[in-house]
Amino acid sequence: MKILMTGGVGFIGLKLARKLVDQGHVVYALDSLLEQVHQDIEAEKALFPGDIIVGDVSDPEIWQNLPRADAIVHLAAETGTAQSMYETDRYRRVNVDGTRYAAQKALEWEAPLISLSSRAVYGEGFADRGTTEQDAHQPLSVYGETKSEGEEVVKQVLGAKVPAVIIRPQNVIGPGQALHNPYTGVLAAFLARLREGKNLSVYGDGTATRDFIHVEDVADFIIWSLENLPPAQESPRTFNLGSGQRITLDQLAQFSIDAVPGGSSAVIEHVDIKRAGDIDHALADMTYAYSLGAPKAKWGPREAIADFIVKSWEAPGAKSEAWDTALEELTERGLAE
Ligand SMILES: NC(=O)c1ccc[n+]([C@@H]2O[C@H](COP(=O)([O-])OP(=O)(O)OC[C@H]3O[C@@H](n4cnc5c(N)ncnc54)[C@H](O)[C@@H]3O)[C@@H](O)[C@H]2O)c1
């Protein structure tokens, strides 16, 4: 199959592209190579095993002359939860309009679409159970709103016409995630502090929970979705995607410390900070996906965190001050207290 991957040069895209090509597929990317995400654009481009068309998914012109593909995997998005609260227009344009153009192209080509949404559509999770795909959309950030609207757009454009799958990942982690983008990824912040021999700051009392899924498991799930498409009349089909296991932020910090090559004497410090869009609990209920035969996560949270810390230890990344500056910026805007 020939597969168009929007955002193919990103964290999930690169892992997925490599696996698809290993299985004999041909991939090409439509990616704007966003500076905030890409530290070394040339090196990251070289990791994508196919042609790259540099362009913005929210630019209708760019969609006019794309080579026809047999399937589209739509990954391109603006992904900073807190940043979305003030870069509202940009987030809406890329995440909603970009998704509309991807869906329209899938309709025109009669090519299946796999569209990446987010667990952010749910807003706050539950302390005593996972969220199911039927739970209400109550996003707490503009990012979550745009992902929810993006899902609606896929329904409107492709519903019952072309096979389509919407996937709502939890926190995706693993080697290759951006180490210099202070607008996403608590784990990258922990890595930066640990490399500098600093203690780990956990916002809140450390009892908040998250469901971390390894990027390899995400790539495998997307491939399974491509191989097990719903019939058009049942499209779009929507799936949660997590490991199905929750850990506390304190455990996240401790597992990170435990994984430091050569050991670490860092300790956990709790700081009383709450950022707009922050939630207490997140856990995917994977019952529906597993009932249809979706692959179970191979990586547990501790192993996934260790894999990230160990393989990223020597990789270039921002200093921990970058996260402090991002937090100051949020505080100035009244988005953190
Ligand atoms: N990583 C996570 O924890 C996570 C969790 C939930 C959902 N998701 C979703 O999965 C998808 C992929 O995420 P990721 O972690 O690989 O993100 P990423 O930021 O690493 O990659 C996104 C890619 O899209 C590109 N891009 C951004 N704006 C674009 C635009 N306007 N036009 C074309 N390309 C553009 C970027 O240059 C980048 O290569 C996104 O839709 C994201 O919302 C990710």
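Which residues in H1 meet which residues in H6? Phe11, Ile12, Lys15, Leu16, Lys19 and Leu20 in H1 meet Val215, Glu216, Val218, Ala219, Ile222 and Ile223 in H6. The model is predicted: local features need pLDDT of at least 70, side-chain atom pairs count only at pLDDT 80 or more, and totals for chains, interfaces and linings use all residues. Residues are numbered from 1 along each chain as its sequence is written. Helices (H or I, at least four residues) and strands (E, at least two) are DSSP runs, numbered from the N terminus. Two residues are in contact if their C-beta atoms, placed from the backbone, lie within 7 Å.

**Ligand shell**

- The ligand is surrounded by 30 residues, where a residue is near a molecule or strand if its C-beta atom, placed from the backbone, lies within 6 Å of it.
- Gly7, Gly10, Phe11, Ala77 and Val172 are the closest of these residues.
- At least two shell residues each come from helix H1 (11-22), strand S2 (26-31), helix H3 (88-109) and strand S7 (171-173).
- H1 gives the most to this shell, with three residues.
- By class, the shell has 16 nonpolar, 11 polar and three charged residues; Ala, Val, Leu, Ile, Met, Phe, Trp, Tyr, Cys and Pro count as nonpolar, Asp, Glu, Lys and Arg as charged, and the others, Gly among them, as polar.

**Domains**

- The domain assignment of the chain gives domain 1 (2-170 + 213-241) and domain 2 (173-210 + 245-274 + 300-329), with bounds that come from an automatic or database domain assignment.
- The C-alpha centres of domain 1 and domain 2 lie 26 Å apart.
- Contact between the domains involves 13 residues of domain 1 and 12 residues of domain 2.
- On the side of domain 1 that touches domain 2, H1 and helix H6 (215-227) are the elements that give two or more residues.
- H1 supplies the largest share of that side, three residues.
- By class, the side of domain 1 that touches domain 2 has five nonpolar, six polar and two charged residues.

**Packing of H1 and H6**

- The axes of H1 and H6 come within 9 Å and cross at roughly 60°; axes are lines fitted to C-alpha atoms, for helices over the stretch in contact, and angles run from 0 to 180 degrees between N-to-C directions.
- That angle makes H1 oblique to H6, since angles under 35 degrees count as roughly parallel, over 145 as roughly antiparallel, 65 to 115 as roughly perpendicular and the rest as oblique.
- The crossing of H1 and H6 is right-handed; a crossing is left-handed if the near helix is turned anticlockwise from the far one by less than a right angle, and right-handed if clockwise.
- The residues of the contact of H1 with H6 comprise nine nonpolar, no polar and three charged.

**Packing of H3 and H4**

- H3 and helix H4 (residues 142-158) pack at about 20°, with their axes 9 Å apart.
- This angle makes H3 roughly parallel to H4.
- H3 passes H4 in a right-handed crossing.
- The contact includes Thr88, Tyr91 and Arg92 of H3, and Val142, Tyr143 and Thr146 of H4.
- By class, the contact of H3 with H4 has 11 nonpolar, six polar and four charged residues.

**Packing of H5 and H7**

- Helix H5 (residues 186-195) and helix H7 (residues 249-258) pack at about 45°, with axes 11 Å apart.
- This angle makes H5 oblique to H7.
- The crossing of H5 and H7 is right-handed.
- Leu187, Phe190 and Leu194 of H5 make the contact with Ala253, Ser256 and Ile257 of H7.
- By class, the contact of H5 with H7 has five nonpolar, one polar and no charged residues.
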